[in-house]
Amino acid sequence: MSCIQTKSLRNTVFYKKQERVALRNCGYIDPEKIEQYIGVDGYQALGMVLTDGSFTPEKVIEIVKASGLRGRGGGGFSTGMKWHLARTIIPDADQKYVCCNADEGDPGAFMDRSVLEGDPHALIEAMTIAGYAIGANQGYIYLRAEYPLAVKRLEIAIGQAKEYGLLGKNIFESGFDFDLEIRLGAGAFVCGEETALMVSIEGNRGEPNPRPPFPAEKGLFGKPTILNNVETYANIPRIILKGSDWFTTMGTEKSKGTKVFALGGKINNTGLVEIPMGMTLREVVYDVGGGIPNGKKFKAAQTGGPSGGCISDKNIDIEIDYDNLISIGSMMGSGGLIVMDEDNCMVDMAKFFLEFTVEESCGKCTPCRIGTKRLFEMLEKITSGKGEMEDLDEIEQLCRYIKKNSLCGLGQTAPNPVLSMMSNFREEWVSHIKDKKCAAKVCVDLLEYKILADKCVGCSLCKKACPVDAISGEIKQKHVIDQSKCIKCGVCVNTCKKFGAIIKE
Amino acid sequence: MINIKFNGAEYAAEPGMTILEAARANNVDIPTLCWLKHINEIGACRICVVELAGPGSLIASCVYKLTKFDEGKNFLTHSPLVLDSRKKTLQLLLSEHNRKCLSCVRSNNCELQTLCKELGVDDETLYKGSNGLGVDIDDSALHMYRDNSKCINCRRCVAACDKQAVGVIGANYRGIKTDINCAFDMDLSSTACVSCGQCINVCPTGALSEKDNTDAVWAALADDDKVVVVQTAPAVRASLGEAFGYAMGTPVEGKMASALRALGFNYVFDTNFGADLTIMEESNELIERVTNNGVLPMITSCSPGWIRYCEAYHPDMLPNLSSCKSPQQMQGAMIKTYWAEKMNIDPKKIVSVSVMPCTAKKFELSRENQSGQGTEQDIDISITTRELSRMIEKAGILFNKLPDGDFDSPLGAGTGAAVIFGATGGVMEAALRTAVWKLTGEDVNSPVEFKEVRGVEGVKTATYKAGDLEVNVAVASGLSNAKELLEKVKSGEMNLHFIEIMACPGGCVNGGGQIIVPSKIRNFTDIRAERAKALYSLDVSRGSLRKSHESPDIKKAYSEYLEKPGSHKAHKILHTKYSATNLSK
């Protein structure tokens, strides 16, 4: 008898190379049932911290510090250090706050959403631990309103935790009180910036404030505050339960643990992956991600979303961690990883990311409000075929100016995609300017549709389909496109699939 | 103390000082556009950046407070990076700015223009932007317009409005579309804007300005059929000189009177007469209320911005408002009744102009229940101190060379009590001079100076004994201070008889119509105190004539016309009513 051999899902390359810490429960438990979370050791860490007398707040902070956990929202600041500052900088503060940044806004990124929808109790448990550690009794989760399912599940989870006495007064009869509230964001990307987020929680227009003072000293409602993102918190209960030594076994020297990425763009396995720090980009793209569709060639990957930069094929073997990515002009960011192939135009991609920041600039400071818009217009000039070589210097200067002069992180990082795509793919930019050509055939103004005389049979299908009557020619005669009329919609190409007589170049 | 360096030179700074303040104390002026001390500290414009030597990072010096961690740091205030950055910021602002500078009302007094010159912006067209084209001008309000094609989004106006506890303007939209305006793009006239004009005073450019009514004045002056009369509020003489190079706080009463004559006004009166009249009526009303169990505390009604604020935000306090018209309106009413009759001039032929430190006066003149003679507006045109300065410039009058002139009689004389109306506490002090005199049996030796109510503090309180009576008084200027005081009155925390409230911080000397002082000076000089000094010096210079009831012209007006304070006739001509408004807050 023969038996059919099937591989366990865990043994597929996709899963084998992953290490699930933050996403440990996503998809395994029913997020609307607290019992299931408790069944997988949920609230054990909190119980231990609050009931085992040896867990002083200082010790909790020490564990988090020793774990080497760094902020998963993008900045990569030491989480333990953040907690330590909030605990000690104003020792006699009458009120402190614990905040969670769940305003995930990078295009194509949904790491936090997955935790919020799949494992909301992990966040509640972690924030309560954080409250104990820094000496806060109130927490706020700033959650984007575009995640209705996350809102619903988090509300259910908070209700259940309160019912079980895991939130509210005298948790685990330890004398420690902690309460949590959800605040819905109205869809502004800038509200992911910590000071803007707090201004928004306070009920004002979400705009950043200059730092210092930092939130650890003067945060929400003017009180010492910590702010971490969802994925950072999701690591905390495991770190407490399994110890910092366990956590430091994963990752590189300065970046411990795992990182969740939202794989997107030109890649076969799109979706969330959680990998140990230090995995190479090549492994992420070709093993976990399953490679590029249609046999196309890898061109670059964008990390850090609109604030990050691109990693070109020459750096594909880089080990992914905070410091390595910064050293090549990109950044970890919150975990968006967009793969680009040879069909992506890098000027166009720079324009795409910059357009996002132009739209999302809050408008408070001059460099970001006006500078990004002017920068965007310069890129448009190039993609429309009107660029001049001097523009490249002008663009670079303006980028550096915006980075140095902007008030908050949004503006300070907005030019990153432009700078990195320009430095990694300069010849492509030059070709747009000098040859008026877009090799990836993306920039419409630089394209021409042509009918190949030797292939045209004169069927006239293209002529009938052209919406602007740009094609002329008699039946069974060769057809031609009047370039002055052509709007480059590409309809003609589709009508000529049979003969392949129409090309764009 | 912390030891820091500016451009390599060592300097000791106090912890808590901003870099900008520390530099200033070290004789380095760092330019700013958005920063207004204690009002707008948001670090938004980025003009004030300085470089931290070493890492080469830029810091907004207006908001960065020095701490012990800054020990030894070297801040570069004019490094190439700093100067290039500031220049680029200006060039970016110019790309969105309507550069019709030649005809701009703020030309030569525009902070953006000045900085562009100072920082050598030789190519103002480097970046092509909208230049403010396609922006609508909001001219719906009677007192001002907003032209956002010249707005640089510094948000000083927003902060000034918030500071006034009004807050009807803010940022709409975001990014490049950010627009300072009323909520939901409402017209300013649909909101509970109180017309105080503090936003105009802080605007660095020509985006905000008073409605210019000088064309109507020029037309009246050119019309031979009209008798054009003018009155000048007390505070105008404390600021007008600044437009002609005089130091802040120089009183220019005489030159102002001469300039008005030179402009061609037929009669030059002084609102000080109206102010003395206000004291006569108001002190009478106060004594009536105190002795007849009337509504207390009584609150002054001279400031039309305050009246609008009260009507919109504290309508429950309307019964507390004195029914007295403001000095402008009393003066206006007396011109078209008493004086017109006396001179045998048809009131319809009179064009009554007022020069005020105030934008709300433009609104006040068309309020209901204001007409003294019944039908016509008592004041036809109200112009601000700024508009008068422009008229003088336009006419080519060499203000500085003018001899000191006098006002016309009888409506041109005012006591020391009247002239201090322009400073916070002045109305209170003037009223006390007369009320205490009356309550002490008309004792000629009753006190003249009540110094406890002077000064620029937001809220001042004092208790005075007058005969058997103890009078508790309070003075507030600036509407957030007024709000704070009213809340204490309403809660019963404060038990007061008489309150003076002025809408503008520091009173009329800092009114929304005064000469605009650039932030470079405003941030380091107390305009309120400097200008008030001019008025208190004028008060002293009046010699024996420092109490309203002692004014010969006032005595005459009552004996010839008004009978006595609070008479039926006085009520008809000099008093008014208020009503709650329900505008968007």
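Colleague: Which strands does helix α14 of chain B lie across, and at what angle does α14 run to β16(B)?
Modeller: Keep in mind that this is a predicted model. Helix α14 covers residues 426-439 of chain B. This helix lies across β16, β17 and β18 (498-502) of chain B, and its angle to β16(B) is about 10°.

Colleague: Which helix of chain B also packs on the sheet, and what angle does its direction make with that of β17(B)?
Modeller: Look at residues 479-491 of chain B, which form helix α15. Helix α15 touches β16, β17 and β18 of chain B. For α15, the angle with the direction of β17(B) is about 145°.

Colleague: What is the strand order in that open sheet, and which strands stand at the edges?
Modeller: The sheet has 4 strands with mixed pairing, in the order β13-β18-β17-β16 (chain B). An edge strand here has a single partner, so one of its sides is left without a neighbour in the sheet. That applies to β13 (298-299) and β16 (459-466) of chain B.

Colleague: In which sense do β16(B) and β17 of chain B pair, and which residue is the bridge partner of B:Ala462?
Modeller: β16(B) and β17, residues 469-477 of chain B, are joined by 8 bridges in the antiparallel sense. In β17(B), the partner that bridges to B:Ala462 is B:Val473.

Colleague: How many residues of domain 1 of chain B are in contact with domain 3 of chain B?
Modeller: The domain assignment places domain 1 at 2-78 and domain 3 at 215-574. Their C-alpha centres lie 42 Å apart. On the domain 3 side 4 residues take part, and on the domain 1 side the number is 6.

Colleague: Which element gives the largest share of the side of chain B that touches chain A?
Modeller: In this contact, 23 residues of chain B meet 21 residues of chain A. The chain B side has 11 nonpolar, 8 polar and 4 charged residues. Both β4 (57-60) and α2 (80-95) of chain B supply at least two residues each. The largest share, 6 residues, comes from α2(B).

Technical notes
Residues numbered from 1 in each chain as written. Chains lettered and ligands numbered in written order. Predicted model: local features only at pLDDT ≥ 70, side-chain atom pairs only at ≥ 80, totals over all residues. Domains from an automatic or database assignment. Contact = placed C-beta atoms within 7 Å. Nonpolar A, V, L, I, M, F, W, Y, C, P; charged D, E, K, R; others polar. Pairing = 2+ DSSP bridges. Axes fitted to C-alpha atoms, helices over the stretch in contact; angles between N-to-C directions.
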